[in-house]
Amino acid sequence: MRLEPIKNPSLARSLLPPASALGVTVVIASLLAMVAGANPFSVFGLILEGAFGSKFAILETLNRATPLIFTGLAVAVAFRAKFWNIGAEAQLYAGALMTVLLGTGFLPWPGVVILPTLALFSILAGATLLLVPALLKTRFGVDEVVTTLLFNFIFLLFISMLLEGPLKDPMGMGWPKSARLIPEARLPRLVEGLRLHWGFALAILSAIAVWIVQTRSTLGYEMRAVGLNKQAAAFAGIPVNIVLVKTALLSGGLAALAGFSEVAGLKGSLTLDLSPGFGYTGIIVAMLALLHPLGVIVAALFVAGIFVGADSMSRAADVPTYLADIMLATALLLMVLAIMLTRFRVVRD
Amino acid sequence: MEIVEILFTASFWAAAIRIASPLIFATLGELICERAGVLNLGIEGIMVAGAFAGWMAVYSGTGLWTGVCVAMLVGMLFGTLHSILTVPFGLSQHVVGLGVTLLATSSTYYAYRLALPEVTSPPKIEAFQPFEIPILSGIPLLGPALFSQTPFTYLAFVLVAVVAVILYRTPLGLAVRAAGESPAAVAAQGLSVTAIRMGAVIVGSGFMAMGGAFLTMSAFDSFFFEMVNGRGWICIALVVFGSWRPGKALLGAVLFAAFDALQIRVQQTNFGSQIPYQFFLMMPYILSILALVVMSRRAKVPAALMVPFNKGER
């Protein structure tokens, strides 16, 4: 077999493959639910209800989507330029670390001053962390996939070292946990009485900002050009390495905001279980969004909904929550295939 | 001084070879994939799946070697998925690889929860036992280190030799290497690049799963979440370190494992106990990055690595 580009894809050509991808994902998940001895219809019903069925459920989904929007944007920005940042997890923790370093009393400022400062320094921390793999790539040609992946392990151990050493809360009853943020350094709630903080608004604003940068600025144009064809971009006079480094800084900064928003908006202190893999899930979010910054918001809500829904489904139907991870991994693989099939035809020879 | 003494104990080198064994399997698997032109980032998840499959098979009553075969088959299954998406369809090897890792890991955990819903600590199996090779195991230092390992470890060393011979001394090996260097030339010979690459990814994934199975069936005797813990990613660094050659990759794995065994022992010395243990745990990952930095200038990357091949396209 071989692949042949389709000149003018029909409407059916553009819609059918992605729709089938989602359909097949649902079928596979249903089969797996049946293996676990559950009725697939009630499993999906429970997931939907757990994700969007009540005011509490919706707020929980929005809260869970917030860090995923940030990490999804971080991945989308990087992947668009074919810079494979798989280290959003570490950059998230870099942001969280900066937030507790400065926000637990070191800067005794009022909220309007300290919150932007914390956000800014978090961005700097995440950007700096990703600068190392970026420079290793541009200077030495070291593949960034492996370095960013390995950085996740190194940085988490580093955080663990700090939490059991200098950063350990003396009032923490011996748990490896940082001191709590001062009240001024906490992100206020969007609406009084509703458990949703300003981090969510910041995430939406970031997505819009990234979209504007990508579509309206020279940097956005250059990032796309580098991603499409490095040689051609270099030939057109685009400084490829500088664009890659700028992309890395932007991507690392966005991922770090997830850490800032989780600590300042939700948790109030830093622990080793701050992120249940938000950095890795960001990759799924970005791919499902086809790397579009505004699509990231929708994809993050979808993914967060599946996770939150699966949590409550698991309690009710006795199906392991890992069903959610399987669904997302399947959806990711099938969606990549489906997108390709909207543009190419498989020809037998 | 203590550190130098450690280097001359047989138990240290025995541990190094034991730690190296799973890395040898998985590095060899990744090397085969990359030699044919496909980067397989599914390695981490495939190792998790292999670790579980082999252990579960033995736990449900099969023999140890049957367990190894089951692990290998599960690995090949995920390898088939990876190769279908990346070779004939030419999808991004980065995205597919990460997707396969996520799928393999989450379906393993799902299966674990279904198979053992009520356990707090996973059950143990009767794992591979050390087998002392007659005469050779009597050699001082070398004997206990190299020739008193489990049969699973010996298999790792035998496989390196087999793969090296096949890669460099047979037409099949030539075809695999050519598929990674110049697929158009392979197609011009009338061979199918698709078939060669898919075969390499499937076999390579089988080896990765055996590396995972070594953890649950020889190094330990039980399955834990997070037990692979980044070893797959380290193997990708080891392939680069070994310049895509089986012998050098074996050397890299043993060297790396020796550092790992050393850090465990230094942790227990007076000097080491004053340093946070996390620092020692970081060393393998930091070493891998350093190895990449040092080697990536010299290394000769297969020219067509990560370049999909579409017949009839020039």
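User: How many salt bridges are there over all chains?
Analyst: Happy to start there. This is a predicted model, in which local features need pLDDT of at least 70, side-chain atom pairs count only at pLDDT 80 or more, and totals for chains, interfaces and linings use all residues. Residues are numbered from 1 along each chain as its sequence is written, and side-chain values use heavy atoms, leaving out hydrogens and water. With a salt bridge taken as a side-chain nitrogen of Lys or Arg within 4 Å of a carboxyl oxygen of Asp or Glu, the count over all chains is six.

User: Which parts of chain A does the pair E4(A) and R345(A) tie together?
Analyst: Good one to look at in the viewer. These two residues form a salt bridge, with the closest N and O atoms 3.8 Å apart. Helices (H or I, at least four residues) and strands (E, at least two) are DSSP runs, numbered from the N terminus. Because E4(A) and R345(A) sit in separate strands, the pair ties together parts 341 residues apart in sequence: β1 (residues 2-5) and β2 (residues 344-347).

User: Which helices hold D311(A) and R64(A)?
Analyst: D311(A) forms a salt bridge with R64(A), the closest N and O atoms being 3.1 Å apart. The pair ties together parts that are 247 residues apart in sequence, with D311(A) in α12 (residues 293-317) and R64(A) in α3 (residues 55-80).

Methods
Chains are lettered from A and ligands numbered from 1 in the order in which they are written.
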